[in-house]
Amino acid sequence: MLRKLLVGLAFLSVSAQAMEPVSVDDVRFANASLTVATATGETGYTPAELEAFGTYAVNTVTPWRETAAEFVGIRLRDVLDAHGLTDASAIRVVAENDYAVTIPNEVWTEHDLLIATRVDGRAHNRRARGPLQFVFNMSEDARTGAKAFESNWVWMAARIEPVQ
């Protein structure tokens, strides 16, 4: 109970920061891929290929990190737009371990959702909930409550598909 209270206070104590575009240097990524499925086929991306969409950074706490970290990656909406999925009513995100969550359209249209490829200047890794992790700016969205977003955080993300 005390941990939940402390995490909640951490969300409120970190000042809001918008997601900002950033340039990044090359790094060696873990072996990982994210497949985007549509009615016309599937496309797979490595973390480096995902970063070609344009990288953004956000400094935020998470439900599992009481201290803010800088997450760098690509915006979910950019990937969805590239595949004609921006107007889907929802998407299903599946992790490497088959954990799956359905994320409704209003989540990615009302809030920036980052597919993080890096944390604190290093390639994201599985031990730290990577190598591809869906991240919300909890500092900015703390007013809505951590629980509203916690179920939409996916780490080891491996697949995105529209919900019919």
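Mentor: Let's start with one term: two residues are in contact when their heavy atoms lie within 4.5 Å. Leaving aside neighbours within four places in sequence, T35 is in contact with E42, T43, G44, A158, R159 and I160. Please keep in mind that this is a predicted model.

Trainee: Where is T35 found, and why is T35 called buried?

Mentor: T35 is found in strand β2, which spans residues 34–38. Buried means under 20% relative accessible area, and T35 has 17% relative accessibility, so T35 counts as buried.

Trainee: How confident is the predictor, in terms of mean pLDDT for the protein?

Mentor: The mean pLDDT is 78, and 75% of the residues reach 70 or more. Over residues 1–17, however, the pLDDT is below 50. Beyond near neighbours in sequence, that stretch has 25 contacts in the model.

Trainee: How many helices and strands are there, and what percentage of the residues count as buried?

Mentor: The protein has six helices and 11 strands. Of its 164 residues, 46% count as buried. Among contacts between residues at least 6 apart in sequence, 65% join residues at least 24 apart.

Trainee: Why is strand β6 described as largely enclosed by the rest of the structure?

Mentor: Strand β6 covers residues 90–95, and five of its six residues are buried, so the strand is largely enclosed by the rest of the structure.

Trainee: What makes β6 and β7 a pair of strands?

Mentor: Two strands pair if there are at least two bridges between them. Five bridges join β6 to β7 (residues 100–104), so the pair meets that cut-off of at least two. The two strands run antiparallel, and A90 has P104 in β7 as its bridge partner.

Trainee: What lies between β6 and β7 in the hairpin?

Mentor: Four residues lie between the two strands of the hairpin, and D98 is in the turn. D98 has a positive phi of about 75° although it is not a glycine.

Trainee: Is D98 buried or exposed, and why?

Mentor: Exposed means over 50% relative accessible area. D98 reaches 62%, so D98 counts as exposed.

Trainee: Which class does D120 fall into, and why?

Mentor: D120 sits in the loop between β8 and β9, and its phi is near 50°, a positive value in a residue other than glycine. D120 has a relative accessible area of 38%, so D120 is partly exposed.

Trainee: Why is the pair R118 and E51 called a salt bridge?

Mentor: A salt bridge needs a side-chain nitrogen of Lys or Arg within 4 Å of a carboxyl oxygen of Asp or Glu. For R118 and E51 the N to O distance is 2.7 Å, so the pair qualifies under the 4 Å rule. R118 is in strand β8 (residues 113–119) and E51 in helix α2 (residues 47–51), 67 residues apart, which links distant parts of the chain. Both R118 and E51 are buried.

Trainee: How many salt bridges does this rule give?

Mentor: The count comes to six. Among them is D78 with R75, whose closest N and O atoms are 3.0 Å apart; both residues are buried. Another joins E161 and R159 at 2.6 Å, N to O.

Trainee: What makes E161 buried and R159 partly exposed?

Mentor: The cut-off for buried is under 20%. E161 has a relative accessible area of 18%, so E161 is buried. R159 has 23%, so R159 is partly exposed. E161 and R159 also belong to a network of salt bridges with E42 and R92.

Trainee: Which residues touch the most other members of the largest nonpolar core?

Mentor: They are L76, V93, I103, I115, F134 and I160, in a core of 36 residues. The largest share of this core, five residues, comes from β8. In soluble globular proteins, nonpolar side chains tend to be buried together.

Notes
Residues are numbered from 1 along each chain as its sequence is written. This is a predicted model: local features need pLDDT of at least 70, side-chain atom pairs count only at pLDDT 80 or more; totals for chains, interfaces and linings use all residues. Side-chain values use heavy atoms; hydrogens and water are left out. Buried means under 20% relative accessible area, exposed over 50%, partly exposed in between (1.4 Å probe, protein chains only). pLDDT is the predictor's confidence in each residue, from 0 to 100. A nonpolar core is a set of buried Ala, Val, Leu, Ile, Met, Phe, Trp, Tyr and Cys residues joined through side-chain atoms within 4.5 Å.
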